[in-house]
Amino acid sequence: MSSSPKNTTSRSHELDLKANKNGLRNVVFGVNGDEYIGEWKHNKRHGRGIYKWKKTNLVYEGDWEKNMRSGPGVLSVKFKSGKQIKIYSGSWKDNKRHGYGKNWYSENEIYEGEWCEGKRSGWGRMYYANGSIYEGQWLDDKRHGDGMLRLANENRFEGQWLNDKKNGRGKYFFLNTGQLMEGVWCNDVPKTSQIKDLGREVARRSTQSEIPEVGLYT
């Protein structure tokens with residue numbers, strides 16, 4: 001006696017479920033040598049998991065949604081010596097940095113703040129290799145809006161930015177001399193400005209004059 005169409009359909013559905021990867025799986029290797037260990041849903045990486053790229057030695061550990069990095073996660077590079085260095089730690093959406101996160105461009109260049117579709121956008125703080133620090137608004141990976149740039153020598157600029165350059169009203173503090181230049185900038189160049197002497201009491205750096213040592217003598 002032949003099977004009924006209903007039973008045939010049920011058997012086919014059962015085989016489809018077995019063929020699809022669902023739930024937690026051990027290491028699954030791709031044809032290119034990449035490997036993934038973690039959770040699946042309907043044959044897609046979905047949930048918590050670790051993905052390792054063979055060609056680039058990159059490692060992602062975090063949340064997935066429909067085969068894409070989405071949610072909190074850490075991207076790092078692992079060297080043959082076993083040493084692993086972080087590249088990015090934070091929020092993801094559709095395989096892109098999105099939300100709040102911290103990115104290491106190098107040992108001395110670090111950004112922490114908001115991201116939008118893989119670009120620095122919103123509020124953020126950038127540490128540069130030359131010792132400067134920018135803290136303020138970003139748009140499409142560029143300083144854009146209100147922000148402060150503090151140089152390694154402690155001088156600083158506070159004001160408006162456009163396309164990664166000083167544009168608009170701003171103030172430049174010369175903390176080593178106690179002076180302030182206030183005016184309007186255009187593409188990093190002050191067009192109209194006034195310099196004021198704020199007085200030595202506002203300067204953070206102490207005087208360069210030698211001060212004799214004071215002590216008690218017997």
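Is Asp164 buried, partly exposed or exposed, and what is its relative accessible area? In this predicted model, Asp164 is partly exposed, because its relative accessible area of 27% falls between the 20% below which a residue is buried and the 50% above which a residue is exposed.

**Loops and backbone angles**

Most residues other than glycine have a negative phi. Asp164, although not a glycine, has a positive phi of about 75°, and its place is the loop between β12 (156–162) and β13 (165–174). Asp140 is likewise not a glycine and has a positive phi of about 50°; this residue sits in the loop that lies between β10 (133–139) and β11 (142–150), and with a relative accessibility of 45% Asp140 counts as partly exposed.

| Residue | Phi |
|---|---|
| Asp140 | about 50° |
| Asp164 | about 75° |
| Asn187 | about 50° |

**The β14–β15 hairpin**

Asn187 belongs to the turn of a hairpin formed by β14 and β15, which have two residues between them. The two strands, β14 (residues 179–186) and β15 (residues 189–197), run antiparallel and are joined by eight bridges; within this pairing, Glu182 has Gln194 in β15 as its bridge partner.

**A nonpolar surface patch**

On the surface, a nonpolar patch is formed by Val27, Phe29 and Ile37, which together have about 280 Å² of accessible area. Of these residues, Ile37 is placed in strand β2 (residues 35–41), and Ile37 counts as partly exposed because its relative accessibility is 36%.

Technical notes: Residues numbered from 1 in each chain as written. Predicted model: local features only at pLDDT ≥ 70, side-chain atom pairs only at ≥ 80, totals over all residues. Heavy atoms only, no water. Patch = residues over 30% accessible without salt bridge, like charges linked within 9 Å, V, L, I, M, F, W, Y side chains within 5 Å. Areas by Shrake-Rupley, 256 points an atom, 1.4 Å probe, with all protein chains shown as cover. Salt bridge = Lys/Arg side-chain N within 4 Å of Asp/Glu carboxyl O. Helix = DSSP H or I, 4+ residues; strand = E, 2+ residues; numbered from the N terminus. Buried < 20%, exposed > 50% of the residue type's maximum accessible area, 1.4 Å probe, protein only. Pairing = 2+ DSSP bridges.
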